[in-house]
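These are my notebook entries on a structure that is new to me. I set down what I looked up, entry by entry.

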Amino acid sequence: MWRLWRCTVAGTVLGVVAAVALAGSALAVDTPDLTATALDDGVIKVAWKYKGKTKRKTTVVDIERGSDGSTFAPLVSVQKARRRHFVKDEPSTPGRWWYRARVRNDVETTAWSKPASVDVEGPDAPPGPAGDPPLPAGQSECPAGTVQAVLGLVNDARADYDVASLAVHPALAYAARVRSITMATAQKLSHTGWLETIYAAGYPGGLLGENIAYGYGSPSSVMSAWLASAGHRANILRPAYRYIGIGCVIDSKGRRWWTQDFAG
């Protein structure tokens, strides 16, 4: 069994000609170029530049932000925008952030710029506990290289979506092993107590997530199942995560119990 947990004629003519000429001048604005740069303390500098003739007092630059390069939400609209300028942003979590911009005035809105991305580092996580929790009687280790194989498949999947790789954190690795042992002992797949386990292992908190499974006989089979499930896949590909811990144990019936614990 396997389981996993979007006037006059002349005046009129002259008036029309004048209006067209003015509109043509205002419309001559290029789609902006955008850059995003990480500064200190998690602050991002989002800078734009664009070419064209337009009246500054009626010019607005819209900036949107997203976490996956395809879905964006409004961040700020800069009134009386200069052709070259910037804003600063401070996202609530570390990870990879994406930005795009457009220029608009009273007669035109340009296309959105090509997205610009930047990685924001979070604070260094504290060290985890030493060693591994021992296996109870009747349980055994998964084959050598199993955890490393899962890590490789996770980071391969993230690379496919241009998301930064995850590093193994000792506290999360310890917690994931405890979680797998606990589920194998109870013979029950459950998220009960997962946060407490991570905290008890010494990880301070923040953005956390977990994937669990049992019965899958190899790293590739359990990863395929997780990636085929929307919720599990979202955890694996979440840009805000920086660390992972992976657990795998075999129960007395020969079934494998799997855990992935994530942290930002």
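Before reading any bridge partners, I noted that two strands count as paired if DSSP finds at least two bridges between them. I also noted that the model is a predicted one.

**Entry 1: the four-stranded sheet**

I looked up the strand order and found an open sheet of four strands, β5-β4-β7-β8, with antiparallel pairing. β5 (73-79) and β8 (116-120) are the edge strands, each with a single partner, so one side of each has no neighbour in the sheet. On average, neighbouring strands here are turned by 25 degrees against each other, direction ignored.

I then followed the pairs of β7. Strand β4 (residues 60-66) pairs with strand β7 (residues 95-104) in the antiparallel sense, over seven bridges. Within this pairing I located Asp 62 opposite Arg 102 of β7, and Glu 64 with Arg 100 in β7 as its bridge partner. The antiparallel pairing of β7 with β8 runs over five bridges. There, Trp 97 stands opposite Val 118 in β8.

Is β7 enclosed by the rest of the structure, or is it open? I found seven of its 10 residues buried, so β7 is largely enclosed.

**Entry 2: arginines over rings**

I checked which charged ends lie over aromatic rings. The charged end of Arg 65 sits over the ring of Trp 97, at 5.1 Å from the ring centre. Arg 100, the bridge partner of Glu 64, lies over the face of Trp 112, 4.3 Å from the ring centre.

**Entry 3: nonpolar cores**

I next asked which residues have the most contacts inside the largest nonpolar core. That core has 21 residues, and the ones in question are Val 154, Trp 226, Ile 236, Ile 244 and Trp 258. The elements giving two or more residues to this core are α2 (146-160), α5, α6 (230-237), β12 (243-250) and β13 (256-263). Another core, of 19 residues, lies apart from it and includes Val 29, Ala 36, Trp 97 and Val 118.

**Entry 4: helix α5**

In helix α5 (residues 219-227), I recorded Pro 219, Val 222, Met 223, Ala 225 and Trp 226 as buried. Seen down the axis of α5, its buried residues fall within an arc of 160 degrees, so they line one face of the helix. In general, an α-helix has 3.6 residues a turn, so residues three or four places apart point the same way.

**Entry 5: aromatic pairs**

How many aromatic pairs does the structure hold? I found two.

Tyr 214 and Trp 257 form a stacked pair, 4.5 Å centre to centre, with 10 degrees between the planes. Tyr 214 belongs to strand β11 (residues 208-214) and Trp 257 to strand β13, so the pair ties together parts that are 43 residues apart in sequence. Tyr 214 counts as buried because its relative accessibility is 6%, under the 20% limit. Trp 257 is buried too, with a relative accessible area of 0%.

The rings of Tyr 241 and Phe 262 have centres 5.3 Å apart and planes at 15 degrees, so this pair is stacked. Tyr 241 lies in the loop between α6 and β12, and Phe 262 in strand β13, 21 residues apart; the pair thus links distant parts of the chain. I recorded Tyr 241 as buried at 3% relative accessibility and Phe 262 as buried at 0%.

How values were computed: Residues are numbered from 1 along each chain as its sequence is written. This is a predicted model: local features need pLDDT of at least 70, side-chain atom pairs count only at pLDDT 80 or more; totals for chains, interfaces and linings use all residues. Side-chain values use heavy atoms; hydrogens and water are left out. Axes are lines fitted to C-alpha atoms, for helices over the stretch in contact, and angles run from 0 to 180 degrees between N-to-C directions. Buried means under 20% relative accessible area, exposed over 50%, partly exposed in between (1.4 Å probe, protein chains only). The arc is that of the directions from the helix axis to the C-beta atoms. A nonpolar core is a set of buried Ala, Val, Leu, Ile, Met, Phe, Trp, Tyr and Cys residues joined through side-chain atoms within 4.5 Å. Rings of Phe, Tyr and Trp (its six-membered ring) pair if their centres lie within 6.5 Å; planes under 30 degrees apart count as stacked, over 60 as edge-to-face and the rest as tilted. A charge sits over a ring if NZ of Lys or CZ of Arg is within 6 Å of the ring centre and within 35 degrees of the ring normal.
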